Amino acid sequence: MSDEATIAAPSPAPPAPTGPPPKVTNRGRAAAPAASANSETSDIPEYEYFIQPGPRGYPPLTEYLDISEVDMMKRPDESNKIAHHTALYHSDYLIVRRGQEFQVKITFSRPYKPAEDKFALEFVIGSSPQFSKGTYVPVFPTKQRQTTWEGRITNTSDNVVTMAITPAANCIVGKYQMYVAVVTPYGIRRTRKESTRDMYILFNPWVAEDAVFLDDETERQECVMTEMGIIYHGSYDDIAERDWNYGQFNYGILDSCLYIMDRAEMPITNRGDPIKIVRVASAMLNSRDDEGVLVGNWSGDYTYGVAPTSWTGSTDILLTYNSSKMPVCYAQCWVYAAVFNTFLRCLGIPSRVVTNYYSAHDNDGNLKTDIIMDENGKIDRNRTRDSIWNYHCWNECYMSRPDLPPGFGGWQVVDATPQETSDGMYRCGPASVQAIKHGQICFPFDAAFVFAEINSDVVFHSRRKDGTLEPVRVNRTHVGRLVLTKSPGDVTRRDITDQYKFAEGSTEERTVLEKAEEYGCKREKSSPPAADVDVVLPNLEISVGDNFELNVEFENKSDERRTVDAYISGSVVYYTGVASTEFLKYTHIKVEIFLYLTDKKEVAIVESKKYMKRLVEQANLHFIVTGKIRETGLIITAMKVVTLRNPKLIIEVSGRGKVSEEMIATVEFTNPFSFNLENVYIRMEGPGMMEPKSRYYSSKRKKNKTPISKDSLYVLICFQNPTVRTCYIVFR
């Protein structure tokens, strides 16, 4: 035998797998898959015997109490839907809210005898109902035998029994099947499975025991029952409004909302917890990682879908997603917030759309937005990567937070716009507004991210020749300048900034920022000396296509002469603050201010031909003025976003509005330009009266009158004629 060690030849590697990976199942891990689809139901046997069959089979049960008819009392004018505030839902099914009593009428084959007859109502949800999971709930009419749902007989007349049922205030929300079961000595006889006895149970903000209870009727009417809303956009000093039809009661919307949870494979047993539902929904409303409802697009190219600015309501989006099972194109932040609002209100969770002006997108938790300048004070756009959104929309929903210390329930921030991942998915919230205001950013979920959106500092850095950065100016008040939502019961706006942050510069604000730093947020510690020259940019109201003057005012606060080397630049930007193109190159101006508290104005002429062909949607122009004071070497800066105003639509309605009578709505649009408008997209919607309709006009259309559909929708086209500047859209 040789003394030399032998080395075995390596075994051949197994062949690489081909084809798609095998689907992971529950086999070996659980006895049965967890129920995660409300649309999947189980088959409950009509007969369930207690005994084994004899030689002649099972004994007949015909001599015992039988069920002839079940009336769900589901018409909109009946007591159930009126008492439960669900009469507005366009549905043929019974819709009630949990924690509140509703009634059904049962007609038996003979008069009901309480001493002899035993029956129960059974409520089932999901594919594997279990009593211990709350997916199978029997409800008995006697006090001696009650479950988590209470039951009682309220009236008996001949063969008809009226029974009242009170679902638990924390029960699962969704679509249930109801059975009537009669108990005999030999077994149980049930009604057959019929869709007419299906029913929906929703959250109940009117009941104190429900986690979404909101003790303000005005707020409840606005945040649960109101179908039309206003979403604020534009800029901080030029606020614009966008009407939106939430349509939470429209036909098919409730099923579409339940489908969203099914598509997320959310366990049925979790669907009684509003915290879990809104967290799942905030991920499912965007399509980034789960084939959710909406595809985000900020590029300006919407060839394969609908431009975000063209949507007028949520109905089309949700119904399309439910029917196609594919994400809908396209959305930006206010579309995500609006559709999320529909989802929440439809399920009974009080919600509202909120707009934050000058919203920072902080992806590293340092509470800083960095702007890089060269040593002369000019912005270095190649190295400036951070941006501040002119505005950003998210949602607030109202609920208790038993997972947090007392005092942090109430309004919670949820955001479906895909910005950063949270627990591996693009979602945000729910984050307690109270926690955000008081700097408790350690609380789940994503409070630190929202805190940064409204509290970041804008830091201007001067980049030296050796590449190092020196902070030269810190603006601590620019971000989170204004937070707005619609006033309840009115069409005015409501300033809720004080619900998110204390007054700038106050003792409370400093305490909150120190608290946030304890939890890891990093702020700019330096305090560069304040310059003794101020630069001010005016508020402007400019329409698209206008030439205008940009007046830059320099004010000397010292008692000595000051000379400023200033630079003015202008860029076309998206509403997210990302620059598209620069139309006003850096213009150098030398300003000399001689006396204390005197000012000097410089005027920059902005011609429409310089920006018109570069405009992106929402038509935002961003001006930055930076300068360096020769005598002190200090940097001065000013920024201004100018939102160009689009031509207005004027709507006139003829005649009086009466049911079943024709009305004509005329929409007037004036072309303010001296050139033809091409590729015009028109979209109209009449909540409760007319489904969304759209029409596209290409540059080839030359006729003045074009029929749109058989229901007499006509458009008088003037887009191709620059001499005729007004067009009329007539709807019957």
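Modeller: What follows covers the annotated site, then two of its residues in turn. This is a predicted model, in which local features need pLDDT of at least 70 and side-chain atom pairs count only at pLDDT 80 or more, while totals for chains, interfaces and linings use all residues. Residues are numbered from 1 along each chain as its sequence is written, and side-chain values use heavy atoms, with hydrogens and water left out.

The UniProt record, an unreviewed entry, places the feature "binding site" at Asn 455, Asp 457, Glu 504 and Glu 509. UniProt positions are given in the numbering used here, feature names are shortened, and annotations may be inferred rather than shown by experiment. These residues are spread over 55 residues of sequence, yet they cluster in space, with a largest C-alpha distance of 13.4 Å. Of the annotated residues, Asn 455 and Glu 509 are included in the lining of the second largest cavity. A cavity here is a set of points, on a 1 Å grid over the protein atoms alone, where a 1.4 Å probe fits but cannot get out; lining residues have an atom within 4 Å of a point.

Take Asp 457 to begin with. Asp 457 lies in strand E23, which covers residues 457-463. Strands (E, at least two residues) and helices (H or I, at least four) are DSSP runs, numbered from the N terminus. The relative accessible area of Asp 457 is 1%, so this residue is buried; buried means under 20% relative accessible area, exposed over 50%, and partly exposed in between, with a 1.4 Å probe and protein chains only. Not counting residues up to four places away in sequence, Asp 457 touches Leu 367, Lys 368 and Thr 369, then Val 474, Asn 475 and Arg 476, and also Arg 523 and Glu 524. Contact means heavy atoms within 4.5 Å.

Now Glu 509. Helix H9, residues 507-518, is where Glu 509 sits. With a relative accessible area of 13%, Glu 509 is therefore buried. With residues up to four places away in sequence again not counted, Glu 509 touches Phe 502, Ala 503 and Glu 504. Glu 504 is itself one of the positions in the UniProt feature.

Asp 457 is buried at 1%, and Glu 509 is buried at 13%. The lining of the second largest cavity includes Glu 509, along with Asn 455.

Key: 1 Å grid on protein atoms, 1.4 Å probe; cavity = no way out; pocket = protein on both sides within 12 Å on 5 of 7 lines; lining within 4 Å.
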